[in-house]
Amino acid sequence: QVQLVESRGGLVQAGGSLRLSCGASGRTFSNYAVGWFRQAPGKEREFVAAIRWSGANTEYADSVKGRFTISRDNAKKMVYLQMNVLKPEDTAVYYCAARQGPIATGVRDFGSWGQGTQVTVSS
């Protein structure tokens with residue numbers, strides 16, 4: 001398994017941008033697909049974006065398509081989530097997660113999780 005640590009999130013105004021980072025430890029990180037999920041208060045954790053181990057394929061939730069971009073640098077063992085045109089409804093705790101095997105979008109598909117980082121978008 002890999003261990004994951006998200007960068008600090010933050011407070012941003014609506015329409016602004018923020019980039020989250022996820023650092024991994026483990027020698028075989030390049031074999032893992034990585035996803036970003038988020039959980040708002042009182043709501044279930046939901047899929048945001050995912051990227052294949054090679055970076056060749058990505059998936060996005062409809063709610064973030066065209067605004068968020070996931071990318072990775074396997075040499076640095078890092079995955080990034082660039083978030084643009086942020087909306088108040090993007091406010092949540094964001095988690096990165098990893099799984100061996102193909103790209104996936106379900107919470108239960110991922111076995112390794114970071115501790116989460118708060119993103120707050122003010123209106």
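Me: Is R99 buried or exposed, and which side chain of opposite charge is nearest?
Reply: R99 is buried yet has no salt bridge, and the nearest side chain of opposite charge, D109, is 4.9 Å away. Buried means under 20% relative accessible area, exposed means over 50%, and partly exposed is in between (1.4 Å probe, protein chains only). On charge, Lys and Arg count as positive and Asp and Glu as negative, while His and the chain ends are not counted. A salt bridge needs a side-chain nitrogen of Lys or Arg within 4 Å of a carboxyl oxygen of Asp or Glu.

Me: What kind of model is this?
Reply: This is a predicted model, in which local features need pLDDT of at least 70 and side-chain atom pairs count only at pLDDT 80 or more, while totals for chains, interfaces and linings use all residues. Residues are numbered from 1 along each chain as its sequence is written, and side-chain values use heavy atoms, with hydrogens and water left out.

Me: Back to R99. Where is it, and what does its side chain reach?
Reply: R99 is in strand 9, residues 92–100. Strands are DSSP runs of E with at least two residues, and helices are runs of H or I with at least four, numbered from the N terminus. The side chain of R99 reaches the backbone oxygen of P102 at 2.3 Å.

Me: Which residues is R99 in contact with, leaving aside its neighbours in sequence?
Reply: Beyond four places in sequence, R99 is in contact with N31, Y32, A33, A104, D109 and F110. Contact here means heavy atoms within 4.5 Å.

Me: Now the salt bridges. How many are there?
Reply: The count comes to four salt bridges. One of them joins R38 and E46, at 2.7 Å from N to O. R38 is buried at 6% relative accessibility, and E46 is partly exposed at 35%.

Me: Which salt bridge does R38 form with a D residue?
Reply: R38 also meets D90 in a salt bridge of 2.9 Å, N to O. R38 lies in strand 4 and D90 in the loop between strand 8 (78–83) and strand 9, so the pair ties together parts that are 52 residues apart in sequence. D90 counts as buried, at 0% relative accessibility.

Me: And what about R67 and D90?
Reply: D90 forms a salt bridge with R67, with the closest N and O atoms 2.8 Å apart. R67 lies in the loop between strand 6 (58–60) and strand 7 (68–73), and D90 in the loop between strand 8 and strand 9, so this pair ties together parts 23 residues apart in sequence. R67 is buried, with a relative accessible area of 9%.

Me: What do R38, E46, R67 and D90 form?
Reply: R38, E46, R67 and D90 are linked in a network of salt bridges.

Me: Change of topic. How many aromatic pairs are there?
Reply: The count comes to five aromatic pairs. Rings of Phe, Tyr and Trp (its six-membered ring) pair if their centres lie within 6.5 Å; planes under 30 degrees apart are stacked, over 60 edge-to-face, and the rest tilted. The ring centres of F37 and F47 are 5.8 Å apart and the planes stand at 70°, so that pair is edge-to-face. F37 is in strand 4 (residues 32–39) and F47 in strand 5 (residues 46–51), ten residues apart. F37 is buried at a relative accessible area of 0%, and F47 is buried at 15%.

Me: Why is the pair of Y95 and W113 classed as it is?
Reply: Their ring centres are 6.3 Å apart and their planes are at 80°, so Y95 and W113 are edge-to-face. Y95 is in strand 9 and W113 in strand 10 (residues 112–113), 18 residues apart. Y95 is buried at 13% relative accessible area, whereas W113 is partly exposed at 26%.

Me: Which residues form the aromatic cluster?
Reply: F37, F47, Y95, F110 and W113 form one aromatic cluster.

Me: Where does R45 lie relative to Y95 and W113?
Reply: R45 lies over the face of Y95, 3.7 Å from the ring centre. The charged end of R45 also sits over the ring of W113, 4.9 Å from its centre. A charge sits over a ring if NZ of Lys or CZ of Arg is within 6 Å of the ring centre and within 35 degrees of the ring normal.

Me: Last one, S17. Where is it found, and what joins it to N84?
Reply: S17 is in the loop between strand 2 (10–13) and strand 3 (18–25), and is partly exposed at 41% relative accessibility. Its side chain and that of N84 are joined by a polar contact of 2.9 Å. A polar contact is a pair of N or O atoms within 3.5 Å; within protein, one must be able to donate a hydrogen and the other to accept it, and residues adjacent in sequence count only if both atoms are side-chain atoms.
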